[in-house]
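Dear colleague,

Please find the structure below, with its sequence. My notes on it follow.

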Amino acid sequence: MIDTRRLAHATFETPDLEGQIAYWTHVMGLTLIERDSKRAVLSTRAGFESIVLEAGNRAWLNKVAFQVAPGTDLGELAAMLQKEGVKSERRTEITPGVRDAIVFTDPNNVLVEIFADYELSADSGLREGIMPLKLGHIAWRVNDPQKMTNFYCKFLNFRESDWIGDHFAFLRCGSDHHTINFARYPEERLHHFAFEVRDVPELNRSCDFLADQKIQLVWGPIRHVVGHNVAAYHRSPEDHRVELYCEMDMMKDEALGYFDPRPWHEDRPQRPKVWPKDTWRSRWGFGSFGTFPGYP
Ligand SMILES: [Fe+2]
C-alpha cells in the first residue's frame, strides 16, 4: 500500500498561463518559483509547491501529487501497484522540489504523482495577497464515489472520515478531516479545491482582500457541519471554485478514533459516521449549495 502522508500540489492545464500566474501570485499570494513559456510552478510562503500550471487548450485539473514518507522506495511501490494491476511509470524532475516520482491513473482518469523526497523552495521575501498555509483538499464530481473511495483507501491508505448519505465521501490521509472528497454527479469533473488559512480573522482579511480585487464570494462564510471548517468560496478567473477555510476537524490520534473535541461538535465524541443525506451544509443556517448566486 502507498502510505500517503500529505496532499502536495495540483496541476492545472490552462489556456491563459499569464492570467493564471497573475491570479495565483497577486490574489492568492503564492510565489512563482519556476516558469517558462509553457509551464509555471508556484509555492506557498512556507516553501511548499501547491499549484503547477501547464499551457493547454482547456482549463482543468489533470494531475494531483501526494507525498509518502521520505526515503520510501518508489520502485517497491511501483512493483506493488503492478501486482494489483495498476500500471505506473517513473518520472523525474516533476518540479523544482520533486526530483523523482511514480505516476499512475486513478479510476477518475486523473494522473496521480507519488513522491517521497521533497526540497522546500526558498522564501522570496514577497508578501502580497492571501498567502494561504497550504493546499488542503480537492473535491471531485464522480459517477461512483464508493468506487473512488475504495481505490484511494486500498492503494493510497486513505481513511473514511465521514459520508453524507451515499453520495458525498470525505477521506483523510493525515490528521485533517478531509484531503479528498468524492461527490456523486452525472458529469465527472472538479467540484472545488481548498486552501487553508490560519484562523477566522485571516479568513475575514482574505474576504476583504478579495472584495478589493472585485472578486465576490459565491458562498459563505459558513461553518460546515461535516468537517466543521469555516469556509468562504470564490471563483478563480477560470471559473474553478476555490475554498478558503480554517478550523477543520482533526483526527489527531487514529487509535482513539474521534476528532479532537470542539464546542461546535454535534456528537460526544465526534466520530466518523454517515450523516443523513439532508444534513445542512452550514451550521449557521444556510441549507445547501445554491443559496448564493452562481453556486454551484
Ligand atoms: Fe471543501
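Does C153 count as buried or exposed, and at what relative accessibility? C153 counts as buried because its relative accessibility is 18%, where buried means under 20% relative accessible area, exposed over 50% and partly exposed in between (1.4 Å probe, protein chains only).

Please note that this is a predicted model, in which local features need pLDDT of at least 70 and side-chain atom pairs count only at pLDDT 80 or more, whereas totals for chains, interfaces and linings use all residues. Residues are numbered from 1 along each chain as its sequence is written, and side-chain values use heavy atoms, with hydrogens and water left out.

Cysteines. The structure holds zero disulfides, a disulfide being a pair of cysteine sulfur atoms within 2.5 Å. The sulfur of C173 has that of C153 as its closest cysteine sulfur, 11 Å away, which is too far for a bond. C173 is buried, with a relative accessible area of 5%.

Sheet and helix. Helices (H or I, at least four residues) and strands (E, at least two) are DSSP runs, numbered from the N terminus; two strands pair if DSSP finds at least two bridges between them. Eight strands form an open sheet with mixed pairing, in the order β2-β3-β4-β1-β5-β8-β7-β6. At its edges stand β2 (31-35) and β6 (88-92); each has a single partner strand, so one side of each is left without a neighbour in the sheet. On average, neighbouring strands of this sheet are turned by 25° against each other, direction ignored; axes are lines fitted to C-alpha atoms, for helices over the stretch in contact, and angles run from 0 to 180 degrees between N-to-C directions.

Strands β1 (residues 4-14) and β4 (residues 49-55) run parallel and are joined by five bridges. Helix α1 packs on the sheet, touching β1, β2, β3 (39-43) and β4, and its direction makes about 165° with that of β4; contact means heavy atoms within 4.5 Å. Within α1 (residues 17-27), the buried residues include L17, I21, W24 and V27. Just after α1, G29 takes a positive phi of about 75°.

Metal site. H137 (NE2), H192 (NE2) and E243 (OE) coordinate the iron ion at 2.0 to 2.1 Å. Donors are N, O and S atoms within 2.8 Å of the metal (3.2 Å for Na, K and Ca); water is not among the atoms, so sites may look incomplete. Along the chain, the donors of the iron ion follow the spacing H-x54-H-x50-E. H137 lies in strand β9 (residues 134-142) and E243 in strand β16 (residues 241-246), 106 residues apart. Both H137 and E243 are buried.

Yours sincerely
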